[in-house]
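This report concerns an annotated domain and the packing of helices. Please examine the sequence and the structure before reading on.

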Amino acid sequence: MLPSNHIDDTSPWYQITVEQNISCIKLTGSYTLAALDQQLQKVGAKLTHFATQSDLHWDLTSIQQMDHAGAVLIWRAWKMHRPANLLIRPEHERLFTHLEKARPAPKPVRRDILWPILTLGRRFFLFWDHLTGIITLLGQVLLNVLYLVKHPNQIPLREISANLFRTGAQALSITALVGFLIGIVLSYLSSEQLHSYGADMFIINILGMSIVRELGPMLAAILVAGRSGSSMTAQLGVMRVTEELDALTVMGIPHSLRLVLPKIIGLGIAMPLVVLWTSAIALLGGILAADLQIGLNYKYALSNLPDAVPVANLWIGMGKGVVCGMAIALIACHFGLRIKPNTESLGEGTTNSVVTSITAVILIDAIFAVIFSNVGLKIRS
Amino acid sequence: MINNDPIIELQGLYTRFGSHVIHKNINLNIYQGEILSLVGGSGSGKTTLLRQMLSLEIPAQGSVKILGHSTYDCDLELLRSLRNRSGVLFQQGALFSALNVYDNIALPMRELHCLTEEMIRDLVMLKLDMVEVEAQHVNKMPAELSGGMIKRVALARALALDPEVLFLDEPTAGLDPPLSESFIKLIQTLRKELTLTIIMVTHDLDTLAALSTRVAVLADQSLVAVGELADIIKIDHPFIKEFFLGERGRNVLRNVLTLP
C-alpha cells in the first residue's frame with residue numbers, strides 16, 4: 001500500500017480510502033437481502049452518514065452481487081439521487097435506472113370526517129338489504145312449494161332426507177349431552193332451595209315447566225343454529241367459490257328449489273324431534289339429580305309430571321322447534337347465497353349467519369311467550 | 001459466480017397415495033441459471049413433485065436437497081431461511097384475499113423484521129414496476145383484479161425477497177394468448193435482470209418452447225427424459241410423441257426447431 005493511501009474506516013461492506021485529497025468509498029461484498037439480513041439497518045445508517053459528504057467518490061464496481069433490497073438501501077442512503085462522482089457496473093446501473101423511474105406509492109385513502117354517519121347509514125342500508133333479501137328468499141321458497149304441489153313428482157325427497165339425517169340424526173349426541181348437563185344443573189340448584197322450604201315435590205313443576213316449555217326448545221335451537229346453520233352457510237359459500245351455484249343456474253335448476261327448500265323442510269321436520277329429544281334427556285338429568293340430592297323417587301316424579309305440566313306446553317315447545325328450525329335454515333341459506341368468492345367473505349358470512357340465527361331464535365321465543373301467555377300455565381288462584 | 005453444484009437435487013423419490021404409486025425412483029438435478037420445465041400428462045404427478053420440492057408434501061421415500069440442504073430433516077430455522085431464498089407462483093395466484101395488492105407484496109418483507117417501512121414501500125413499488133402493474137392498483141383487493149393481473153401481482157409477491165429459485169406452477173394457465181405472451185416476455189426479462197433459477201410446471205407448449213432451457217418429462221411414474229427440447233423430441237416414447245409431435249405440438253415447435 002502506498003504511503004499516500006491510508007485506510008480510514010473498514011467494514012465488510014465498505015472501505016474508505018483517501019488518495020490525493022479525494023476521499024473515495026468503495027462498497028464491497030454482497031448487497032443482497034440474504035447477505036445483509038440483520039446488518040441492514042446498521043449498514044444503511046452508515047451509508048446515509050457518508051452520503052452527506054457531497055465530495056465523496058462512490059465506487060460500486062467491487063460489489064459482488066446486488067439485488068433490489070441492496071439497491072434500495074443504497075438509493076435511500078443517497079436521498080434518491082445519484083452522487084456526482086459514481087463508478088458503477090452496467091448490470092447494477094440497470095437497477096438504479098429502475099429506481100429512478102419508479103413512481104411513488106399512492107397515499108392510502110383517508111377516512112372521511114363524516115365516517116360515523118356514513119358507517120351508520122351503510123349499516124342501516126345493509127340491514128334493510130338483508131331483511132328484503134330474506135323476505136324475497138322466503139317468497140321464492142313459497143312459490144316453489146306451490147310449484148311442487150302441482151308437480152309432486154319433482155319434490156326433492158333425497159335432499160330432504162339427507163338434510164334430515166345431517167341436521168337431525170347427527171345432532172342427537174351433542175344436544176343430549178348439553179341437555180343432560182343443564183337438567184342436572186337446574187335441578188341441583190333449585191332442589192336445595194325448595195328443600196329448605198319443605199316444598200320438595202315442586203321440583204317436578206319447576207323442571208317440567210322450564211325444560212319442556214323454554215329450555216329444551218331454546219337449547220336445541222341454539223345448538224342447531226351453531227352446528228347446522230353454520231355448516232349450511234359454509235356449504236353454500238363454498239359452492240359459490242367453486243362456481244357450483246353458477247353451474248346449477250345454467251342447468252336451469254333454481255337454487256331455491258334444490259338447495260334452500262330441502263334445507264328448510266329438512267330442518268323444519270328435524271327440529272321439533274330434536275327439541276323433544278333434548279327436553280326428554282334434560283328432564284331425565286334433572287330427575288336423576290333430584291333423586292340423588294333430595295331423595296325424590298323417580299317413579300313418583302314421572303307419574304306426577306303430566307299433572308304438573310299441561311300437555312299444551314309440549315306442543316308449544318315443539319311448535320317453537322318447527323318455526324325456529326325453518327328460520328335457522330332460511331337465514332343460513334340467505335347468508336350462504338350472498339357469500340362472494342373469496343375467503344374473507346366466507347368467514348364473515350358464516351359468522352353473520354350464526355349470530356343472526358341465534359338472535360332470531362331468541363326473538364321467536366319472545367314472540368311465542370307473548371302470544372301463548374295464557375296457554376298451558378296453571379295459575380292457582 | 002456460476003458454480004456447478006445443483007441448486008435442487010432430487011434423489012430416489014417415491015410417492016404413493018394409498019396403494020397408488022405416483023413416482024418411482026425419481027432423480028433430478030437442477031443447476032443455477034436454468035429454466036427447467038416439468039411436463040407430463042394429467043395425473044402424472046407434476047404438481048406433486050413441485051410441492052415436494054417446496055416441502056409442502058413429503059414423499060414416501062427419497063430426499064430433496066435445496067441449495068445443498070436436505071429439507072425433510074433440517075431444523076425449522078434453516079428451513080425458514082431456505083424458504084426465504086425461494087419464491088413460488090401458485091396456479092391460482094394464492095393472493096391473500098384479506099389484504100390489498102400492496103400489503104400482499106409487503107407481507108413477506110415485513111415478516112423479515114429487518115426492513116424499514118420506507119424501504120418496503122420502495123421495494124414494493126419496484127416489484128410492481130417490474131411486473132408492469134400500475135400504481136393505481138395498489139389499494140385494490142385481489143377480488144377486484146382480473147386473472148392476468150392476479151398472476152402479475154402474485155409474481156411480484158414471489159419475487160418480493162429477491163429469491164434465487166423461482167417455482168412457477170402453470171404460469172400461463174387461464175391467460176389469453178396475448179396476455180400469456182406478455183407474461184412469458186416478462187419472465188424472460190426478469191431472468192435477464194435477476195440471477196434466477198426457474199422450475200416450472202406447464203402444459204402450454206408455447207410457454208415451454210419460449211422459456212425452458214431444459215425439459216423433464218414425467219410419464220410412466222418416472223422421468224423418462226431430461227434434456228434440451230431439441231433432444232427430447234428425438235426420443236421414442238409414446239407420451240413424448242403424442243405431446244410434442246401431435247398436430248398442435250408440431251405447429252408450435254416448427255417455429256423454434258427443425259422437426260424429425
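This is a predicted model: local features need pLDDT of at least 70, side-chain atom pairs count only at pLDDT 80 or more; totals for chains, interfaces and linings use all residues.

## The annotated domain of chain B

An unreviewed UniProt entry assigns the feature "domain: ABC transporter" to residues 8-245 of chain B.

## A helix pair in chain B

Two packed helices are described by the angle between their axes and the distance between the axes. In chain B, helix α5 (residues 147-158) and helix α6 (residues 177-193) have axes that come within 11 Å and cross at roughly 10 degrees. Because angles under 35 degrees count as roughly parallel, α5(B) is roughly parallel to α6(B). Their crossing is right-handed.

On the side of α5(B), the contact involves B:G148, B:K151, B:R152 and B:L155. These residues meet B:L179, B:S182, B:F183, B:L186, B:I187 and B:L190 of α6(B). Sorted by class, the contact of α5(B) with α6(B) comprises 6 nonpolar, 2 polar and 2 charged residues.

## A helix pair in chain A

In chain A, the axes of helix α10 (residues 255-294) and helix α11 (residues 298-308) come within 10 Å, crossing at roughly 135 degrees. This angle makes α10(A) oblique to α11(A). The crossing of α10(A) and α11(A) is right-handed.

From α10(A), the residues in contact are A:L283, A:I287 and A:D291, while α11(A) contributes A:Y298, A:A301, A:L302 and A:L305. The contact of α10(A) with α11(A) contains 6 nonpolar residues, no polar residues and 1 charged residue.

Definitions and conventions
Residues are numbered from 1 along each chain as its sequence is written. Chains are lettered from A and ligands numbered from 1 in the order in which they are written. Side-chain values use heavy atoms; hydrogens and water are left out. Axes are lines fitted to C-alpha atoms, for helices over the stretch in contact, and angles run from 0 to 180 degrees between N-to-C directions. Helices (H or I, at least four residues) and strands (E, at least two) are DSSP runs, numbered from the N terminus. Angles under 35 degrees count as roughly parallel, over 145 as roughly antiparallel, 65 to 115 as roughly perpendicular and the rest as oblique. A crossing is left-handed if the near helix is turned anticlockwise from the far one by less than a right angle, and right-handed if clockwise. Contact means heavy atoms within 4.5 Å. Ala, Val, Leu, Ile, Met, Phe, Trp, Tyr, Cys and Pro count as nonpolar, Asp, Glu, Lys and Arg as charged, and the others, Gly among them, as polar. UniProt positions are given in the numbering used here, feature names are shortened, and annotations may be inferred rather than shown by experiment.
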